Amino acid sequence: MIASMSREIKIYDTTLRDGTQGEGVAFSMEDKVRIAQRLDALGVHYIEGGWPGSNPKDLRFFKRVQDAVFKTARITAFGATRRPGVRPQEDANLKALVEAGPPVVTIFGKSWDFHVTSAISTTLEENLAMIGDSVAYLLKHFEEVIYDAEHFFDGFKRNPDYALRTLLAAEAAGAHCLVLCDTNGGSLPHEIGGIIREVKRVVKPGTPLGIHAHNDVECGVANSLVAVGEGVNHVQGTINGYGERCGNANLVSIIPNVMVKMGLACIPRPNLRELRDVSRFVSELANRKPWQSQPYVGDSAFAHKGGIHVSAVLKHPETYEHMDPELVGNHRRVLVSELAGQSNILWKGREYGIDLDKTTGRTSTSTATASSSRRTTGTRSRWRRRPFASRSSPSPSTRPPPGTVPSTRWITRSGRRSRNSIPTSRRCRFSTTRCASSTSPRGPAPRHAC
Ligand SMILES: [Zn+2]
């Protein structure tokens, strides 16, 4: 662990812009507002609401949130530098950004000479002017201008001098942060680290740098963390890693990695427990099935199947868990299969209020209490504050798996399902911690928005 709480990593969420470029991801304007409010409650620092110059919905979003109160996050509009041969004040894209009116704007410019000559078909010098002119123009209209250096790492690999000149053009014009983008998502961690060190030798000392990584070679999170290790304090990404092609760097992994593993300040510490709910909230609105094995927040992230594992976890959770699942709002699960051992069965029984005798396997009582559970298993958990759930106050650590919500009589002595059990169809599949309908068998049909 890097023990340095003095550094704060700013989280820049682009779920509402880059995330919507992922296949199958679409948000209505009202969905975008709700997600923005949820992200603000989580404590991210920037929320990129969209590209007002690209579609009317995004422009409406910025109008809609103008009167909304955001406690932590700064709403950001996204766009491109001016077009070649056009003055900034006459560029339709830049005018749309100004019309959108948020306090922060992010524009991307070309870093890769190949893109300059082949994609936007202009000269290398004109591209530098486009970057400088656009940043300078936007500074007159926004409190903060962030510059995204598109394809920076690919550009640097082909023509490092030119890629660096594009950064210096944005820096000279006054950009508040220079964000290095792995737009094609094909760079590896060691390349990211080496190139950032080269950048730091060229820009002014103290110039804020950022990272925007895509996940095409499964290194989006790793590349972002390498950048943080190199001193980058601004990290862009999306909730659940939604984004174009294979997605963006996943903030749901980056945030706990930065805070728990690297010991750096980021979002407010208590809010870390909201991470699983935020992940589910966004997947629900995106109409995307939650990722079962998603690190930190997935249902399987702290699920134990092998008998040896469960036996050890009962004694010391850290034997097979890298951290306390409750830190990110998740919970431990124990699975029963042909791989299970005695410990799995004992745990599972206790989870459903059945106290099994360790020696005989017989049911000694169907109303096991938390205290008797502790006594029977001898668990000495460093992480689990409530080793087994009492029925009146279920612990996240012992919450049953999706699809099986026990009531006090979930499984009778005869093994039949109780009539008081809650049908799966009535459960809120979005949240396991907040939705009242997920705990009331007679309540209204659950809604996803808890
Ligand atoms: Zn991107």
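Which residues of E7 point one way, and which the other way? Here are some friendly notes on that strand and its neighbours.

1. A word on the model: this is a prediction, in which local features need pLDDT of at least 70, side-chain atom pairs count only at pLDDT 80 or more, and totals for chains, interfaces and linings use all residues. Residues are numbered from 1 along each chain as its sequence is written.

2. On E7, Leu209, Ile211 and Ala213 point one way while Gly210 and His212 point the other way. In a regular strand the side chains alternate between the two faces of the sheet. Strands (E, at least two residues) and helices (H or I, at least four) are DSSP runs, numbered from the N terminus.

3. E6 (residues 177–182) pairs with E7 in the parallel sense over 5 bridges; pairing requires at least two DSSP bridges between two strands. Here cysteine 181 sits opposite histidine 212 of E7. From E6 the chain passes through helix H8 (residues 189–202) to E7, a right-handed β-α-β crossover (clockwise from the first strand over the helix to the second, with the strands pointing away from the viewer).

4. E7 also pairs with E8 (residues 234–237), in the parallel sense over 3 bridges, and glycine 210 stands opposite histidine 234 in E8. The β-α-β crossover from E7 to E8 runs through helix H9 (residues 220–229) and is right-handed.

5. H9 has 8 of its 10 residues buried, among them Val221, Leu225 and Val228. Just after H9, glycine 231 takes a positive phi of about 105°.

Note on methods: Buried ≥ 20, exposed ≤ 12 C-beta atoms within 10 Å, placed from the backbone.
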